Amino acid sequence: MTPLCDDPELSRPYIDKDKLGETTDPETGVSVRYRYVHGGFAGSKTKFAFYFPAQADYRGWFIESTYPTVTDEAATPATIVFGISHGAYVVSTNNNRGVPAGGLLAAYRANAAASKFSRLEATRIYGRIARPRGFIFGASGGAYQTLAAAENTSNIWDGSVPMVMGVPNSIPSFQSAQILGLRVLSPVLPQIVDAMAPGGSGSPFSGLTPVQQSTLQEVSRLGFPLRGWWQYEALTGGAFIAVEGAVQAIDPGYASDFWNKTGYEGFDPVIKALRIQATTSVKGFEGESGLVLANVPTGDLLNADLVVHDGAMAGTTLKIVGVKGHTVQIATTNGALANDRTGASLRALVPGTSVTLDNSWAVALQYYPRHQVPSSDEYGWNQYRDTQGKPRYIQRPVLVGPMLDANSSGGAVTNGRFHGRMIMLASTMDVQAFSWGADWYRKKAMQEKGGQLWSSYRLWYMDNADHDPIGPRATTAPRAVDHIVPYQGEYEQALLYLNDWVARDVAPPASTTYSISPDTQTVVTGPASRRLGVQPVVALTGNGREKIEVRAGQPVTFLMTAQVPPGTGRIVKVEWDLDGTGHYAPPVSSGGTGDAANLTGEHTFARPGVYFPTVRVSAAREQRPPNVAPAGKDPYALAQNLASVRVVVR
């Protein structure tokens, strides 16, 4: 698709609202005013919303966020306020009602048509102006859409920011690996977490049984970050429930083969003993999604099916996401029962309703990655090959991952042939889209562009960051703010740098220096001057060491050092959580000269225990658009990192 090529299904735009608006970002408290234009494309389900800053504030560019299951064209307050306050207008669509309902238009065509039309609207509103520069960005499934947009259109957008992408075969294997690890490693996850925590042994395999060791190695080699198990109490397989249905539709015979045919793990008596198929009845309810049953067998029921046999919901299969005693928690999506097409409430399962608990698919899918070996360039699966390079396990007749990739990408599978300029982001502690996916794409792009790649591409890794841009706010795990940071600031920086790159040919900061270990772990090390990217590098010691032992009442002196990569900006905020409770004290002065900071702090621990004092550092880019608050005052585009130290109090 190009500016001169109109989409035949999206060629009749209309406007039904044109008015002034105001939005406040609840996280920052910043408010902006804009001109709101709403409409759609006749003959389709595609709708769009445009947010235009005042002419005096407009700086010649626009941004567009995307995610495949979004069905509402309203942009988020954070996107609106960031864009308007930085001189950009904002484009947002409903993805033609989202994937999969929106069909091929949902992948990138709805976004492309809206972006093209937004330029006409910008001319109508601002008069004779230069062609607006446009940038599309998205995380996770939105990364698939962003890559599809970059690879299958030309001159619609000038650049893109795909974030935390998976490889084409990611789904459902990455979710399956997490579930397998949670089941097999459950008794030893606390010691694995301790080994990988600051001041730990660094030997997570020590003390594990052979089965536990092989499982940890398997899921790690597929890409699950060893440091990511810190939040095991909050993990449930990510999008496992959402993608399980797709696997059942594409490969419906897998579970039966798994449990009944030789060559599959389910034929092994040890694995077969894990299978649960138990019929019981409903006794009552607990809360909004708790179902009290007459009997709940022991065993692994995470993500298992609850099949309803009679009553108003007869024939419905619900998903179990938690078990406590005789109460099972049922999965919900936006308040509605997941997988239920009847529209009924859980209360429709009146006492006495017959149900069956069945984990056949849930357990079988834990081993699905072994039977879904893609080409060798997706190297996380090469552990399943023999010395001749052939798969060691029976392979299914179809690879599900690339089909689901294509579903979010308009029929195309990611290939590395992108247009425009791109800054890609990935998180080293991503427990859903394992971080080596970005390395895979870099290699694909290198094959296509060779030595010219660096004139149009950057890859920034964020350390101590997970899958969701908002970081700690996306997980229920305890003390999340002491383990991970958000990367919303990095993608905002990426958009600003892209705009400078396109508008003035000012190259953005270099790609992060990283390596992929033999166990498929992404490693970033070294000082900021060698690590590069945009994230500050932070270190913390207590009494000069990463692990210390002290008596209760004995003061501990902490030393924090931080530095930003060359030319990326300056440190603007330092926050301490000295007692490691997950509550940061008000920010203190950075104590640095701009690109570096060195601070000391002192704390006394009154009670025995193990503590993890943490320091969090924020850095802002120096290059500021006109009419934007100076570095340190603008709450957006802040790159964060943290460091912790272990204090054992006797």
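Some ground rules to begin with: the model is predicted, so local features need pLDDT of at least 70 and side-chain atom pairs count only at pLDDT 80 or more, while totals for chains, interfaces and linings use all residues. Residues are numbered from 1 along each chain as its sequence is written, and side-chain values use heavy atoms, with hydrogens and water left out.

Let's start with salt bridges, meaning a side-chain nitrogen of Lys or Arg within 4 Å of a carboxyl oxygen of Asp or Glu. The whole structure has 31 of them.

One of these joins Asp-519 to Arg-221, with the closest N and O atoms 2.9 Å apart. Asp-519 sits in the loop between β18 (515–516) and β19 (522–523) and Arg-221 in helix α6 (residues 210–222), so the pair ties together parts 298 residues apart in sequence. Helices (H or I, at least four residues) and strands (E, at least two) are DSSP runs here, numbered from the N terminus. Asp-519 is partly exposed, at 22% relative accessible area, and Arg-221 is partly exposed too, at 29%. For us, buried is under 20% relative accessible area, exposed is over 50%, and partly exposed is in between (1.4 Å probe, protein chains only).

Next, Arg-370 and Glu-265 form a salt bridge, at 3.1 Å between the closest N and O atoms. This pair also links distant parts of the chain, 105 residues apart: Arg-370 is in the loop between α10 (360–366) and α11 (400–408), and Glu-265 in the loop between α8 (254–260) and α9 (269–272). Both residues are buried.

Then there is Asp-482 with Arg-479, a salt bridge at 3.6 Å, N to O. Asp-482 is buried, at 3% relative accessibility, whereas Arg-479 is partly exposed at 27%.

Now, my last stop is Asp-634. Is Asp-634 buried or exposed? It is buried, with a relative accessible area of 7%, and it lies in the loop between β26 (614–620) and β27 (638–644). Its side chain makes a polar contact with the side chain of His-86 at 2.7 Å; that term means a pair of N or O atoms within 3.5 Å, where within protein one must be able to donate a hydrogen and the other to accept it, and residues adjacent in sequence count only if both atoms are side-chain atoms. The backbone nitrogen of Tyr-636 lies 3.1 Å from a polar atom of the Asp-634 side chain.
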